[in-house]
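Colleague: I would like to learn how to read a structure like this one. Could we go through it feature by feature?

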Amino acid sequence: MQQKNQYPTLILASQSPRRRYLLEQAGLSFSVIPSRFDESSVRLTDPENYVRILAQSKAEDIARQSPESWVIGADTIVLIDGTILGKPGSRDEAREMLLRLSGQTHQVHTGYAVCRKAEERMITDAVKTDVLFKKLTDEEVEWYVHTKEPFDKAGAYAIQGLGTFLVRSINGSYTNVVGLPVCEVIEVLIREGIVSRSMDAPLS
Ligand SMILES: Cc1cn([C@H]2C[C@H](O)[C@@H](COP(=O)(O)OP(=O)(O)OP(=O)(O)O)O2)c(=O)[nH]c1=O
């Protein structure tokens, strides 16, 4: 008898617990295999293109190992006045980023990619959300840096965490700021027949 292949149907190619949580919250079943793609190898173009290329590269990295699976990759950056803020490497850098965002509107761009190597299928797009920070006092910045939350987050904050107090308002997708535009990604998964949202199908 022929062995059934062992590839998972859907893989999230990300180390980010936030992305995992967002997809779980939406009722999806999937495996997690973080990509080891070197992000520094990608040249900075315009923000939308940049996050799409990174998302695509992360997804392709895992799709090569698991060609029958559908693979999701994503990348999030924070952009203020044309400058990209990545993850802060030190307390000083986190402080600097937060002071730069204080009282201003910035953009969060998340690129996503959904691909299946076996049929050379690749769908990518990017979503932008505007985020307005309240004006921060030095004490607030100091307190937040000391919580250590800023360190693995683009722009040195987490809207879904303690950093929620920093955000006065947003215009656009909330989940996009957290790291994955869930509505758009699930639209792709439904369109490609990977998940269903009809009553006669099981959950996910
Ligand atoms: C702005 C913002 C970013 N972030 C996070 C989401 C991402 O995990 C991180 C941006 O880094 P990314 O390089 O996009 O992702 P990652 O390195 O965490 O995971 P992987 O490359 O394996 O997919 O910042 C928040 O959690 N909350 C926020 O409010």
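**Reading the model, one feature at a time**

Modeller: With 8 C-beta neighbours inside 10 Å, D81 counts as exposed. Keep in mind that this is a predicted model.

Colleague: What cut-offs make a residue buried or exposed?

Modeller: A residue is buried if 20 or more other C-beta atoms lie within 10 Å of its own, and exposed if 12 or fewer do. E119 has 9 other C-beta atoms within 10 Å, so E119 is exposed. A156 has 29 other C-beta atoms within 10 Å and is therefore buried.

Colleague: Where are D81, E119 and A156 placed?

Modeller: They are in loops. D81 is in the loop between β3 and β4, and E119 is in the loop between β5 and β6. A156 belongs to the loop between α4 and β7, the strand of residues 167–171.

Colleague: What is the phi of D81, and what is that of A156?

Modeller: D81 is a residue other than glycine, and its phi is positive, near 45°. A156, also a residue other than glycine, has a positive phi near 70°. A glycine example is G103, which follows α3 and has a positive phi near 70°.

Colleague: Let us turn to that helix. Which residues of α3 are buried?

Modeller: Helix α3 spans residues 91–101, and its buried residues are A94, M97, L98 and L101. They cover an arc of only 95° around the axis, which means that they lie on the same side of α3.

Colleague: What covers the buried residues of α3?

Modeller: The cover includes strands β3, β4 (83–85), β5 (105–116) and β6 (121–133), along with helix α4 (138–146).

Colleague: Which residue does UniProt list for "active site"?

Modeller: The unreviewed UniProt entry lists D75 under that heading. The annotation may be inferred rather than shown by experiment. In the model, D75 lies in strand β3. D75 counts as buried because it has 26 C-beta neighbours inside 10 Å.

Colleague: Which residues is D75 in contact with, leaving aside its neighbours within four places in sequence?

Modeller: D75 is then in contact with V51, L54, A55, K58, T110 and G111.

Colleague: How should I read the surroundings of the ligand?

Modeller: Start with the residues, then ask which elements supply them. There are 22 residues around the ligand, and S14, Q15, S16, I159 and G179 come nearest. The elements giving two or more residues to this shell are β3 (70–80) and α5 (174–178). β3 gives the most, with four residues. By type, the shell has ten nonpolar, eight polar and four charged residues.

Colleague: Now the whole chain. How many helices and strands does the protein chain have?

Modeller: The protein chain has six helices and seven strands. Read from the N terminus, the order is β-α-β-α-β-β-α-β-β-α-β-α-α. The radius of gyration is 18 Å, close to the 17 Å that the globule rule gives for 204 residues, so the chain is as compact as a globular protein of that length. The C-alpha atoms fill a box of roughly 70 × 40 × 25 Å along the principal axes.

Colleague: What percentage of the 204 residues is buried?

Modeller: Buried residues make up 37% of them. For contacts, consider the separation in sequence. Among contacts in the protein chain with a separation of 6 or more, 68% are between residues 24 or more positions apart.

Colleague: How far apart in space are E119 and F37, C-alpha to C-alpha?

Modeller: E119 and F37 are 22 Å apart in space, and 82 residues apart in sequence.

Technical notes
Residues numbered from 1 in each chain as written. Predicted model: local features only at pLDDT ≥ 70, side-chain atom pairs only at ≥ 80, totals over all residues. Near = placed C-beta within 6 Å. Nonpolar A, V, L, I, M, F, W, Y, C, P; charged D, E, K, R; others polar. Arc of directions from axis to C-beta. Contact = placed C-beta atoms within 7 Å. Rg over C-alpha atoms; globule rule 2.2 N^0.38 Å.
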